[in-house]
Amino acid sequence: MYKGIYIALSGSVLKQDQIDIVSNNLANANTVGFKKERASFKEFLVSRISGAQDSDDGRAMSDLSEVKTDFGAGTHLRTGNPLDVALDGKGFLSVEGGRYTRKGDLRIGRDGSLVTQEGLKVLGSKGPIKLPAGQADIAPSGEVRVNGKPVDTLKIVDFANQGELRELEGGYYSANLPSIRSNAVVAPGHLEASNVDVVKEMVRMISTLREFETYQKAIQMFDEAAARINNDMAKV
């Protein structure tokens, strides 16, 4: 009986984790460049974490295996802003501090640097891109221009295994592996939307909530059965 409680309890905790992930995906459905996440699960014996010997009932639990980021592309939205860019293809904009992002809603900072909405300097082939006064825009080649004259080129890189990137706050990623050349093409005047499909995420949320409720009912059933057994034994 207690084996069933362990399984139901661990399943309930996992479903709560999954609800949190789906909720975060839905909350960022309108966030520029956001990439949705997916969770995978694993099963293990309780003895492997407690250090105790395996019990005869083989009690087991489920646990969160890993949370993966889906780097699939989002839809390109036309804005007409000369400093907005979307990347068509695999790759990331390089930002100061070893950060990488697909958020292309860039702007000019107070010191004339090309920065992200969070104020982080965008890197070019020569380092942080600093713009002189004038009308700035970005060409499809990634060339940053002021009054039609080239100033620098966006540093766009890719990684052999994007799954090894570590997610940071605000839609940024860091990497402990070397970058490689990206073949991504810049789409000026566009932004990449989130790759979250709201309808599919809502369906996933409803399904996960139902599974969570099922585990809760199972826990209640096991608890009531255990109480009846204890009461009956007390009468013997």
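This is a predicted model: local features need pLDDT of at least 70, side-chain atom pairs count only at pLDDT 80 or more; totals for chains, interfaces and linings use all residues.

Modeller: Residues are numbered from 1 along each chain as its sequence is written, and side-chain values use heavy atoms, with hydrogens and water left out.

Colleague: How many aromatic pairs does the structure hold?

Modeller: Rings of Phe, Tyr and Trp (its six-membered ring) pair if their centres lie within 6.5 Å; planes under 30 degrees apart count as stacked, over 60 as edge-to-face and the rest as tilted. One aromatic cluster is formed by Phe71, Phe92, Tyr100, Phe159 and Tyr173. The number of aromatic pairs in the structure is 5.

Colleague: Which class describes the pair of phenylalanine 92 and phenylalanine 159?

Modeller: Their centres are 6.1 Å apart. With 55° between the planes, the pair is tilted.

Colleague: Why is the pair of tyrosine 100 and phenylalanine 159 assigned to its class?

Modeller: The ring centres of tyrosine 100 and phenylalanine 159 are 5.0 Å apart. Their planes stand at 80°, so the pair is edge-to-face.

Colleague: Is phenylalanine 159 buried or exposed?

Modeller: Buried means under 20% relative accessible area, exposed over 50%, and partly exposed in between (1.4 Å probe, protein chains only). Tyrosine 100, at 16%, is buried. Phenylalanine 159 has 1% relative accessibility and therefore counts as buried.

Colleague: What percentage of the residues of the protein chain count as buried?

Modeller: The protein chain has 236 residues. The share that counts as buried is 39%.
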